[in-house]
Amino acid sequence: LLRNQKKVAPFSCGGMQPLIMGLDTVSPMIWVPNQLVGAPAGTNVTIDCHTEAYPRAISYWVYENVMILPTKKYGTETTENSYRAHMKLTIRDLRDRDFGNYRCISKNSLGETEGSIRLYEIPMPSSPPKATEVRSSGASKEEKPVLGRNATKVLAVDDHTKASSATSEMKRDHSDRLTPPPDHPPQGGSESVTYFRLYLTTMRMR
């Protein structure tokens, strides 16, 4: 962009228009901060341009070769400071037809210039899962195995106790049958005396 600028010296007094000393002019110039802007469908987005011009320029927006006017769909705003201006365009409730190239145009008696901004669609960000749901489901799953292990231990202790009792009874029954009383002890001689003494010793031990 070409810029024809000669000594610009604006002055103001009591809200009066600036006084320009000598031959002071600025041909229109536009600066676009963001030439690519992405936004999801169904949202609002604002694009902007910065202009410089003197004498004061006429600034407006164009989309598909049609001038954009303030409506419920579009909001326009221009902030001026001396020979500079900041243009803003807000597009509400984005739809497929709203994505494309927008132009900001500045025009005065010295000439005309424009900037271009491409608006494109991006996916809507997805919401992360709720942490509370993950914790609650995890806790319920962890409680069940604990109860199962405790119940298994109790059953194992009972079975071991019953088995020990049964084993003790079997040992007592077996010891009772080791030395039954002699129904027919040997008759006569030293063998009968020895056998009788052994029988008495066994009975005392029991």
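1. Start with the histidines: His50 sits across from His86 of β7. That pair belongs to the β3–β7 pairing, where residues 45-54 (β3) and residues 84-91 (β7) run antiparallel and are joined by 8 bridges. Keep in mind that this is a predicted model.

2. Zooming out, β3 and β7 belong to an open sheet of 4 strands, ordered β1-β3-β7-β6, with antiparallel pairing. β1 (26-31) and β6 (74-81) are its edge strands, and each of them pairs on one side only. From one strand to the next, the twist averages 20°.

3. On the other flank of β7 is β6, and these two also pair in the antiparallel sense, again over 8 bridges. If you want a landmark there, Glu77 stands opposite Lys88 in β7. The two strands make a hairpin with 2 residues between them. Have a look at the turn, too: Ser82 has a positive phi of about 60°.

4. Now for the other sheet. Here 5 strands form an open arrangement in the order β2-β9-β8-β4-β5, and the pairing is mixed. β2 and β5 (66-67) are at the edges; each has a single partner strand, so one side of each lacks a neighbour in the sheet.

5. Within that sheet, β8 pairs with β9 (residues 111-121) in the antiparallel sense, over 9 bridges.

6. Is Asn108 buried or exposed? Asn108 lies in β8, which covers residues 100-108. Its relative accessibility is 11%, so Asn108 counts as buried, the cut-off being under 20%. The Asn108 side chain also reaches the backbone nitrogen of Leu110, at 2.9 Å.

7. Leu36 is the contrasting case. This residue is in strand β2 (residues 36-39), and its relative accessible area is 56%. Leu36 therefore counts as exposed, since the cut-off for that is over 50%. Recall that β2 is one of the edge strands of its sheet, with a single partner strand.

Definitions and conventions
Residues numbered from 1 in each chain as written. Predicted model: local features only at pLDDT ≥ 70, side-chain atom pairs only at ≥ 80, totals over all residues. Heavy atoms only, no water. Buried < 20%, exposed > 50% of the residue type's maximum accessible area, 1.4 Å probe, protein only. Pairing = 2+ DSSP bridges. Axes fitted to C-alpha atoms, helices over the stretch in contact; angles between N-to-C directions. Polar contact = N/O pair within 3.5 Å; in protein donor to acceptor, adjacent residues only side chain to side chain.
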